[in-house]
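Please read the following points alongside the coordinates.

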Amino acid sequence: MCEAFYKFAMGLREFLKDYFLGFWDYETPKVMVVKNRTLGVIYRAVQFLVITYFIWYVFISQKAYQESENRPESSVYTLMKGIAAHGDDILDMVEYAQPSEGGDVISTILRREVTYNQTQGTCAESFNVDNVNCTTDSDCVQGEVNFDGHGRRTGRCVPYYNHTFKTCEIQTWCPIEEYAAVRETALVEAINFTVFIRNSIHFPKFKVLRGNIKDASNKRNLHKYLNKCHYHEEKEPYCPNFRLGFIADQARENFSELCKTGGVIGVFINWNCNLDLDPSNCKPTYAFRRLDLRKDQANSGYYYRFAKYYSKDGVESRTLIKAYGMRLDVIVHGHAGKFSPIPTIISTVTAMTSVGICTIICDWIMLTFIDKNEVYSERKFDEIAKEPPVPKSTELSYMSSFGSNHSDLSDGVPL
């Protein structure tokens, strides 16, 4: 046992000694020409791939020579425009737009379900609420509030309006929406409504301010232009007016289906600016995509409720409106880049350093797979323990001192 421990300790001592002494060794690369066609083709091919990657992807595509800014300051203003006839009523933007003018979120009503003449009182709870069906008053607990229901229970069991079955009576706004709501027809004219989206973006690092509205010689001409134009990617890229039908088509949505259930659509404004060019070339691009989950039928779509209050015969009353609509969320992304020497130097040094991977790959192939790998290994790695003695000057040694200062390995020369 002691002898084994002694051998282990001595081995560990020798390992630490060799590691310590080897730590102070100096390594320098040795030039060795290997005339092997296969290895040469692999070397040049890897070099070509590395150089192509940095030139095409890093410098041209990603513009690694530029200083960039990805967090611009942005402002969004939206306004809904249009008038529609709904029965005998004429609806303007105050009636169907919420809010009629606002920031990065705006919605328009496409369909309504209206409950008229609601007043504070008692009435039967909806049969869709859990544990609300009853036969006697003892089935209803007085004062109990079901948060999935519509009000507070009175403790009475009453007939459900004109039906034969009974539900618990509640204190709330009566009649309840599920029983008395009137479903109105969809506002089909809304397909031609337009939403005005004004966006300004500022890149503080480069002191560049841009907007998505076309510059005009005077305000009068600009006002005329904005009243007539509609956005088109090629013909009118600076027009900020978008038809709701156009937005639905770009988001690959059926407008008739949106009228039934409503929906949330994202309007993405993307600014990708190369400030090495004139700032006038910095133009926005638009993309549209539905944001709510259509697969989840229970929670898909978009709707909200609001009420109009009034007094009737001295009693406070209200009209409850459940509005299904098309909500637009305006989301702005910005990226700007401009030439800077620091990222250029860093990217160039990285590219030059990465070329060295070609030598590492070819050395591994040469020392692993080629037939003369042992010969290559002996020629490639030399260990010099101390400076060799200087030979005496003779005619033979003088003549042999001429020649190449690097090794030349050829397949045709025996080693």
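Over the face of which residue does Lys322 lie, and at what distance from the ring centre? Lys322 lies over Tyr303, 4.5 Å from the centre of the ring, where a charge sits over a ring if NZ of Lys or CZ of Arg is within 6 Å of the ring centre and within 35 degrees of the ring normal.

1. This is a predicted model, in which local features need pLDDT of at least 70 and side-chain atom pairs count only at pLDDT 80 or more, while totals for chains, interfaces and linings use all residues. Residues are numbered from 1 along each chain as its sequence is written, and side-chain values use heavy atoms, with hydrogens and water left out.

2. The protein chain has 11 helices and 20 strands, taken as DSSP runs numbered from the N terminus (helices H or I, at least four residues; strands E, at least two). Of its 415 residues, 34% count as buried, with buried meaning under 20% relative accessible area, exposed over 50% and partly exposed in between (1.4 Å probe, protein chains only).

3. Elsewhere, ring pairs link a cluster of Phe127, Tyr160, Tyr161, Phe165 and Tyr179.

4. Arg318, in strand β19, is buried yet has no salt bridge, the nearest side chain of opposite charge being Glu177 at 7.9 Å; a salt bridge needs a side-chain nitrogen of Lys or Arg within 4 Å of a carboxyl oxygen of Asp or Glu. The Arg318 side chain does make a polar contact of 2.8 Å with the side chain of Gln118 (N or O atoms within 3.5 Å, one able to donate a hydrogen and the other to accept it; residues adjacent in sequence count only if both atoms are side-chain atoms).

5. Cys157, in strand β10 (residues 152-159), is buried, with a relative accessible area of 10%. Cys157 and Thr167 are 10 residues apart in sequence, and their C-alpha atoms are 5.7 Å apart.

Methods
Phe/Tyr/Trp six-rings, centres within 6.5 Å; stacked < 30°, edge-to-face > 60°. Lys, Arg positive; Asp, Glu negative; His and termini not counted.
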